[in-house]
Each structure stands twice: as C-alpha cells, then as structure tokens.
Amino acid sequence: MGVPSFSLAGKVAIVTGGKRGLGRAIALTFAEAGADVAVCDLVVEDSELEAVAKEIQSLGRRSLTVQVDVTRKADVDNLVKRVVDEFGHIDILINNAAILGNKCPLLEFSENDYDKIVDTDLKGYFLCSQAVGRRMAEQKGGNIINIASVDAMRPSLKSSPYSAAKAAVVMLTKSLAAELASDNIRANAIAPGWVKTEMTKMRWGALENLKQLEATIPLGRIAQPSDIAAVALFLASDASSYITGTTIIVDGGASLV
Amino acid sequence: MYVPSFSLAGKIAIVTGARRGIGKAVALAFAEAGADVAICDLVVEGGELEAVAKEIQRLGRRSLAVQADVTRKADVDNFVKRVEDEIGVIDILFNNVGISGGPPLIEQPEEQWDKFIDTDLKSCYLCCKAVLKGMVERKRGNIISVASAAGIRGFAERNAYNIAKAGVIMLTKVLARDLGKYNVRANAIAPTMVKTEMIRELMEDPQASAAEARRTPLGRLAEVSDIVGPAIFLASDASSYITGHTILVDGGQLA
C-alpha cells in the first residue's frame with residue numbers, strides 16, 4: 001500500500017569489478033533481493049569471480065561471469081552481448097570497476113599512471129554506460145548506478161587523477177540522467193567515504209591508522225561494503241522512482257567535518 | 001543475510017503536519033513498515049488529523065493526534081511530552097511542516113518573511129531540540145527533514161521559502177556533525193514540486209503544470225508516493241551509514 005517495493009525480482013543486473021569489495025557485496029545483495037546478476041572483472045584466473053557467481057546461484061538466482069577490461073570497447077560490447085544472449089535483457093548496470101592508484105604528489109604523477117586511472121575510472125564507466133544504455137534505450141527502461149567517491153567533492157591528497165575522475169563520474173551521472181530519462185532510464189551515483197575493502201586497505205590498514213581515522217568520522221566507524229550495497233539496492237529499486245541525476249553521499253558524516 | 005532491513009518494527013516515530021499530503025502519506029507508510037506513529041498539525045477541526053491516527057491504528061500500530069503550532073516552543077514541547085507519556089520514547093522525527101508561495105523576495109513583506117522562516121526553518125529547529133535530549137541520552141535517534149530542491153537551486157518567484165529550505169539543509173549538516181557520536185543521524189529530502197494541496201494552483205493550471213513537467217527529465221511532477229520511498233529508506237537501517245545528507249528527489253530537474 002504505502003511502503004514501496006525494495007525487491008529486484010525479475011531484474012537482470014551487471015556489476016563491473018564484481019569479484020570482491022563493493023562489487024561483490026552489491027552483486028550478492030541484488031541476488032538476495034531477487035535479481036539475476038552478471039559479474040565481471042579484469043582478472044578472472046584466481047577464481048574469485050567464479051566464487052561470487054556460485055554464491056549468487058546458492059541464493060537461488062542465475063549468474064554469469066565475464067572477463068572484461070572496461071577500458072576496451074570490444075570487451076564492453078562483448079559483455080553486453082553475453083548478458084543479453086544469456087538473460088534476454090539488462091535492467092541494472094552497476095559501474096563499480098575502478099582503481100585507486102598509488103599515492104603520488106600531483107606534480108610527479110606520470111602520464112602513464114594518470115591514463116591508467118582515468119581510463120578505468122571514467123572512460124570505463126562511460127563505455128559501459130554507452131553500451132548498456134543503448135540496450136536499455138531499446139528496452140525503454142533501465143537503471144544505472146555509478147560508484148563515485150567523496151573524493152569527487154573534496155580530493156584526497158596525492159590522488160589527483162582519482163579525485164578528478166570521480167568528480168567527472170558525478171557529472172557523467174547527470175548527463176546520463178538528463179539524456180536518457182526520456183527512455184525511462186534513471187542514473188544515480190553513490191559517493192562512499194572510507195570503506196573496509198582491499199582497494200583502500202593500505203590507506204586505513206594499520207590499526208593505529210584506523211582508530212585515528214574513525215575518530216574523525218561523526219558516526220565513529222568506517223563503512224562495511226554492506227553499508228554501500230544497501231544504498232545501491234535503494235537506488236536500484238522502485239523506492240527511488242523519482243530520483244535521478246543525483247549523488248548520494250554515504251560517509252558516516254566524514255565530509256561534514 | 002545481505003539485504004538490509006527496511007522495517008521500522010519496534011520504533012516510535014512522530015510526523016509533523018500529518019493531516020494531509022506528504023506528512024499523511026509518510027505517517028501511514030511508517031506505520032505500515034511497523035512503527036507506532038504520533039502525528040500533529042496546526043489544524044484539527046474537520047477531523048482529518050484524527051482520521052489519519054485512526055488509519056494508523058487500523059494498520060495495527062499505536063497512534064496519537066495532537067494539535068500543535070510547531071512555530072511555538074510550548075506546543076512542540078507539549079506534543080513531545082504527550083507522545084512520551086502515552087506511547088513511549090521517540091526514535092524517529094519526521095519534520096514535514098512547511099508553507100510555500102510568492103511573491104518574489106523584494107516584494108515580500110517583512111511579516112511574511114518571518115512567517116516563512118518560522119514555519120519552514122524555526123519549526124524544524126524547535127522540533128529537533130525537543131527530541132534531541134532524549135535521543136542523545138538513549139544514544140539512538142533519527143531525524144529526517146523535508147527540505148526542498150528550492151534550498152539548492154532557488155525556485156522562481158519564491159522568497160524566504162528558498163532561504164528557509166537552504167537553512168533546513170544546513171541544520172541537517174550541523175546536527176549530523178554534532179550528534180553522530182551519540183548514534184543520532186540527521187538527513188533531509190529535497191523534492192521539487194509534489195502533487196499536494198501545497199501546489200493546488202499549479203496543478204489547476206494546465207499550462208503551468210505542463211511547463212513544470214517539461215522542465216523535468218522524468219517528464220512528470222512527483223507524486224506523494226515518490227517521497228515515501230526515500231523517507232522509509234532514511235528512517236530504516238538500510239541508510240545507517242548516511243548522515244548529514246540531503247537526498248535530492250527531483251526527477252532529474254537539477255541535473
């Protein structure tokens with residue numbers, strides 16, 4: 001009656017960077033909420049991606065694993081084809097595959113390192129949004145969720161390409177929303193603060209570091225991947241039916257300080 | 001296991017301005033999600049507020065309807081005390097009271113400026129203050145305020161309304177920053193035009209409504225149900241790492 005549906009029953013989702021961290025958490029949450037989920041990653045030889053797919057299947061949903069370099073258009077087009085061949089449609093795209101890069105002062109960043117970060121973190125999102133967006137436009141329906149970062153609003157020191165790319169993702173999200181709304185496609189972003197994942201481990205990893213860090217956050221802790229996956233579920237569901245083009249900050253209040 | 005809880009079972013919520021519109025819809029949805037919900041409004045004649053309370057009870061939850069002018073501290077404190085005495089301690093505050101309208105700022109009389117600031121901003125402050133001491137003591141609480149997209153990118157022909165709503169967004173940040181350590185979250189929802197009595201004039205003007213819909217990428221004005229989803233999300237544990245944030249619910253208009 002009044003309470004909206006948070007179910008994803010009947011939906012098909014793609015999660016890039018799905019073998020660990022945020023991607024894995026989102027994939028499993030979506031599967032439990034009723035979606036079939038295709039998970040992809042750059043590296044598949046270590047069988048971590050296969051493990052996620054097996055867990056999706058143990059939740060009673062269908063899954064597919066695809067090796068994808070999101071910076072290569074051919075890989076991205078192949079991903080879309082494989083998912084459509086397998087599931088018939090694509091309802092949700094989670095642009096999550098991203099790299100942080102090593103800390104480096106802005107004036108010393110190599111062009112090569114800059115390119116690697118911006119290609120994965122911005123161009124990868126753009127290529128996936130285009131390829132999947134075209135399919136969603138044909139279907140006249142879809143939902144794109146981009147994992148950005150609070151670094152998009154206030155840069156982390158010595159991570160200038162990453163921060164710039166994440167800021168661009170916030171803007172890309174608005175373009176997607178504005179241009180694809182008439183095809184009944186919503187697009188939103190999530191800007192997490194600190195999350196307990198492998199990607200950021202070296203920055204919060206040492207216990208003294210972590211305690212100091214958590215003392216600066218109003219809610220007193222860094223996030224678990226499930227905290228971010230919960231927001232992704234809200235954005236993927238009908239409960240967010242009038243929300244598009246926006247970025248939800250999920251940082252325990254860190255950016256308020 | 002992975003899916004978060006969107007349930008409000010075991011919680012007690014208060015919703016201001018719950019006689020109609022967004023307040024009524026959110027009060028009923030909170031009840032359906034499992035919360036006991038106490039409601040207040042300036043207007044109780046005509047029985048509309050009492051009818052909402054009865055509807056909440058029909059859903060199997062406890063309720064209480066109280067007349068309150070939320071721009072008056074005594075009324076706010078009395079409402080909160082009655083809820084605490086008759087239902088229990090408050091977990092969720094949904095600040096919904098607000099008024100809108102023209103004329104443009106330079107034409108707005110001082111008395112009307114005061115009325116807008118009092119009703120749209122000060123009332124939020126008074127309600128927050130009334131519940132916060134208890135929330136801080138119990139180390140749990142959740143405040144959700146209805147701001148407006150007008151507080152981010154001012155609506156045309158509005159005035160102190162835009163400014164008061166910007167104030168609600170900042171109030172949300174101030175509370176979140178100060179109270180996070182007590183496990184009290186504060187967030188806001190910023191809609192564009194929502195189809196309620198507040199925009200009756202717009203809804204009755206086909207050209208104006210059509211123009212507003214055209215300005216919106218999703219091609220329509222918001223329904224009250226579009227606000228209920230974000231309200232339930234913010235009230236529930238699913239949003240437990242979100243605080244100090246204002247969720248824009250605008251159909252893409254500000255994109």
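The pLDDT is the predictor's confidence in each residue, on a scale from 0 to 100. The structure above is a predicted model, and by this score chain B averages 97, with 100% of the residues scoring at least 70. Where pLDDT is low, the predicted coordinates should not be read in detail. For the model as a whole, the scores are ipTM 0.97 and pTM 0.98.

Along the principal axes, the C-alpha trace of chain B spans about 45 × 45 × 40 Å. Of the 255 residues in chain B, 55% count as buried, and when the contacts with a separation of 6 or more are considered, 73% of them in chain B are between residues 24 or more positions apart.

From here the reader can turn to the place where the two chains touch. Chain B contributes 39 residues to this contact and chain A contributes 38 residues. On the side of chain B that touches chain A, at least two residues each are supplied by helix 1 (21-32), helix 5 (160-179), helix 8 (225-235) and strand 7 (246-249), and the largest share, six residues, comes from helix 8 of chain B. Sorted by class, the residues on this side of chain B are 25 nonpolar, nine polar and five charged.

Helix 8 of chain B deserves a further look. Of its 11 residues, 10 are buried, so this helix is largely enclosed by the rest of the structure. Among the buried residues are Asp226(B), Gly229(B) and Pro230(B), together with Ile227(B), Val228(B), Ile232(B), Phe233(B) and Leu234(B).

Two packed helices are described by the angle between their axes and the distance between the axes. In chain A, the axes of helix 3 (residues 73-87) and helix 4 (residues 111-139) come within 9 Å and cross at roughly 35°, and the crossing of helix 3 and helix 4 of chain A is right-handed. From helix 3 of chain A, Lys73(A), Val76(A), Asp77(A), Val80(A) and Val84(A) take part, and they meet Leu127(A), Cys128(A), Ala131(A), Val132(A) and Arg135(A) in helix 4 of chain A. By class, this contact of helix 3 with helix 4 in chain A has seven nonpolar residues, no polar residues and three charged residues.

How values were computed:
Residues are numbered from 1 along each chain as its sequence is written. Chains are lettered from A and ligands numbered from 1 in the order in which they are written. This is a predicted model: local features need pLDDT of at least 70, side-chain atom pairs count only at pLDDT 80 or more; totals for chains, interfaces and linings use all residues. Axes are lines fitted to C-alpha atoms, for helices over the stretch in contact, and angles run from 0 to 180 degrees between N-to-C directions. Helices (H or I, at least four residues) and strands (E, at least two) are DSSP runs, numbered from the N terminus. A crossing is left-handed if the near helix is turned anticlockwise from the far one by less than a right angle, and right-handed if clockwise. Two residues are in contact if their C-beta atoms, placed from the backbone, lie within 7 Å. Ala, Val, Leu, Ile, Met, Phe, Trp, Tyr, Cys and Pro count as nonpolar, Asp, Glu, Lys and Arg as charged, and the others, Gly among them, as polar. A residue is buried if 20 or more other C-beta atoms lie within 10 Å of its own, exposed if 12 or fewer, and partly exposed in between; C-beta atoms are placed from the backbone.
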